[in-house]
Amino acid sequence: MAQEWQNLLHFRCTCCGNCCREPIVLVTDEDIRRVIHRTGQKAAEVVDFYKPSEIAWGKDQPGWIQLKVGLRIMGLRRTEEGCQYLGEDDLCTIYEHRPVTCRRYPFDVEFGEKGEIQLLSISNSVECPYELDGYQTLGEIKALCTWEEEEENPYYEKIEAWNAQKKSGTKKKFLKCLGF
Ligand code: SF4
Ligand code: SF4
C-alpha cells in the first residue's frame with residue numbers, strides 16, 4: 001500500500017514564482033557553467049556572495065567561503081524582484097540551464113540505509129501553492145538528488161581547500177580558483 005508521502009509524487013508546480021522570488025539560491029561552479037553557456041554572462045555577473053545575516057543557512061552547513069571581506073556564501077545574483085532569471089511572467093528564463101537545486105526543489109528527501117527514498121516532503125522555505133495532479137517517479141527525484149550531490153561534493157572540496165589557505169582572498173580570486 002502506498003504511504004501517504006508517496007502522494008507527493010503527484011506534485012505539480014503551479015508556476016507561482018514564489019521560490020524564485022524569495023530565497024537565495026545557492027549554486028556550485030557547475031551550475032555557473034551551465035548558466036554561462038546559456039546567457040554568455042561572466043561568472044561574477046551570475047552570482048553574488050551573501051553574508052551570514054542575509055540567509056537562513058547555518059554556519060555549520062557546507063558552502064561558507066572565507067573571503068577578505070568575511071564569511072560569504074555563493075548564490076545566484078538577485079534583483080529587487082528576486083532571482084535575476086525570473087521572467088515577468090513568473091517563469092524561469094534559463095529553464096533548460098537552471099541550477100540543479102532549482103530542479104530538485106521543492107522536494108526535501110530523506111534516504112534509507114540502502115539509498116532508497118524513505119520520505120518525501122515539500123520544503124517549507126516559501127509558500128508553495130502546488131497541485132496534486134501531476135506525476136514524477138521516485139527514480140527521477142533520486143536522479144536529481146544524485147546529480148546535486150555529485151556537483152556539490154567537489155565544489156565543497158574546492159571551498160575547503162580555499163579556506164585552508166593562510167590568506168583569504170577576494171571574490172574575484174575565488175572565482176578564478178573555480179576556473180572562471
Ligand atoms: S534560476 Fe530559474 S528556477 Fe532557479 S531561482 Fe532563478 S528563476 Fe527560479
Ligand atoms: S513555490 Fe511551489 S508552486 Fe510556486 S513556483 Fe515554486 S515550486 Fe512552483
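**Strand pairing, core and ligand shells in a predicted model**

E1 (47-50) and E3 (70-76) pair in the antiparallel sense over four bridges. Strands pair here if DSSP finds at least two bridges between them. Helices (H or I, at least four residues) and strands (E, at least two) are DSSP runs, numbered from the N terminus. The model is predicted: local features need pLDDT of at least 70, side-chain atom pairs count only at pLDDT 80 or more, and totals for chains, interfaces and linings use all residues. Residues are numbered from 1 along each chain as its sequence is written, and chains are lettered from A and ligands numbered from 1 in the order in which they are written.

E2 and E3 are joined as a hairpin through two residues. Five of the seven residues of E3 are buried, so E3 is largely enclosed by the rest of the structure. A residue is buried if 20 or more other C-beta atoms lie within 10 Å of its own, exposed if 12 or fewer, and partly exposed in between, with C-beta atoms placed from the backbone.

The largest nonpolar core has 19 residues. Such a core is a set of buried Ala, Val, Leu, Ile, Met, Phe, Trp, Tyr and Cys residues joined through C-beta atoms within 7 Å. Val 27, Ile 32, Val 46, Val 47, Met 74, Leu 76 and Cys 83 have the most contacts inside it. Two or more core residues come from each of helix H1 (18-21), helix H2 (29-39), helix H3 (43-46), E1 and E3. E3 gives the most, with three residues. Val 27 is in contact with Ile 32, Val 47, Met 74, Gly 75, Leu 76 and Pro 99, leaving aside its neighbours within four places in sequence. Contact requires C-beta atoms, placed from the backbone, within 7 Å.

In H2, Asp 31, Ile 32 and Val 35 are buried. They cover an arc of only 100° around the axis, which puts them on the same side of H2. The arc is that of the directions from the helix axis to the C-beta atoms. The buried residues of H2 pack against H3, E1 and helix H4 (100-104). Just after H2, Gly 40 takes a positive phi of about 75°.

Ligand 1 is surrounded by Cys 20, Val 25, Leu 76, Cys 83, Tyr 85, Leu 86, Cys 92, Ile 94, Arg 98, Pro 99 and Cys 102. A residue counts as near a ligand if its C-beta atom, placed from the backbone, lies within 6 Å of the molecule. By class, this shell has 10 nonpolar, no polar and one charged residues. Ala, Val, Leu, Ile, Met, Phe, Trp, Tyr, Cys and Pro count as nonpolar, Asp, Glu, Lys and Arg as charged, and the others, Gly among them, as polar.

Around ligand 2 lie Cys 13, Thr 14, Cys 15, Cys 16, Gly 17, Asn 18, Cys 19, Pro 106, Val 126, Cys 128, Pro 129 and Tyr 130. This shell divides into nine nonpolar, three polar and no charged residues. Pro 106 is found in the loop between H4 and E6. Cys 15 is exposed, with 12 other C-beta atoms within 10 Å.

Asp 90 also has a positive phi, of about 70°, and is not a glycine. Asp 90 lies in the loop between strand E5 (82-83) and H4. Asp 90 is partly exposed, with 14 other C-beta atoms within 10 Å.

Five bridges join strand E6 (residues 107-111) to strand E7 (residues 117-122), and the two run antiparallel. Glu 110 has Leu 119 in E7 as its bridge partner. E6 and E7 form a hairpin with five residues between them. In the turn, Gly 115 has a positive phi of about 85°.

Leu 144 lies in helix H5 (residues 138-164). With 18 C-beta neighbours inside 10 Å, Leu 144 counts as partly exposed. Beyond its neighbours within four places in sequence, Leu 144 is in contact with Val 100, Arg 103 and Arg 104. Leu 144 and Ile 55 are 89 residues apart in sequence and 24 Å apart in space, C-alpha to C-alpha.

How values were computed
Two residues are in contact if their C-beta atoms, placed from the backbone, lie within 7 Å.
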